[in-house]
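Please look over the sequence and the model below, and then read on.

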Amino acid sequence: MKLPELASKAQSGAELSRGEIQTACDLLLDETLPVEERADFLSALHRRGETPAEVAAFVEVLLEHAVRLPVS
């Protein structure tokens with residue numbers, strides 16, 4: 001699934017699944033994708049309104065991508 005398809009799903013009012021959020025995060029972090037495509041997805045999600053479950057899933061997925069810094 002691509003970001004425009006996920007944006008359309010969000011615009012239709014449907015909640016994104018954990019798998020779709022995983023895909024969305026992978027695509028959002030892909031620097032080869034146009035910024036406009038990424039912005040369109042995030043705007044569609046914002047206009048519809050993020051659900052608590054979606055926010056939690058985004059946090060979980062993005063934490064998996066986080067870089068741990070060595071701290072003493």
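## Charges and basis of the model

The 7 positive and 13 negative charges of the protein chain have mean positions that are 2 Å apart, where Lys and Arg count as positive, Asp and Glu count as negative, and His and the chain ends are not counted. The place of a charge is taken as NZ of Lys, CZ of Arg, CG of Asp or CD of Glu.

This is a predicted model, in which local features need pLDDT of at least 70 and side-chain atom pairs count only at pLDDT 80 or more, while totals for chains, interfaces and linings use all residues. Residues are numbered from 1 along each chain as its sequence is written, and side-chain values use heavy atoms, with hydrogens and water left out.

## Overall fold

The protein chain contains four helices and zero strands, with helices (H or I, at least four residues) and strands (E, at least two) taken as DSSP runs numbered from the N terminus. Its C-alpha trace spans about 45 × 30 × 20 Å along the principal axes.

Of the 72 residues, 29% count as buried, a term that means under 20% relative accessible area, as against over 50% for exposed and in between for partly exposed (1.4 Å probe, protein chains only). Among contacts (heavy atoms within 4.5 Å) with a separation of 6 or more, 68% join residues 24 or more positions apart.

## Helix H2 and its buried face

In helix H2, which covers residues 18-28, the buried residues are Glu20, Ile21, Ala24, Cys25, Leu27 and Leu28. Seen down the axis of H2, these buried residues fall within an arc of 165 degrees, so they line one face of the helix; the arc is that of the directions from the helix axis to the C-beta atoms. They pack against helix H1 (3-11), helix H3 (35-48) and helix H4 (52-65).

## Two buried glutamates

Glu20, in helix H2, counts as buried at 13% relative accessibility. Its side chain makes a polar contact with the side chain of Lys9 (2.8 Å), and a polar atom of that Glu20 side chain lies 2.8 Å from the backbone nitrogen of Ser17. A polar contact is a pair of N or O atoms within 3.5 Å; within protein, one must be able to donate a hydrogen and the other to accept it, and residues adjacent in sequence count only if both atoms are side-chain atoms.

Glu54, found in helix H4, counts as buried at 1% relative accessibility, and its side chain makes a polar contact with the side chain of Arg48 (2.2 Å). Leaving aside neighbours within four places in sequence, Glu54 is in contact with residues including Ile21 and Leu45.
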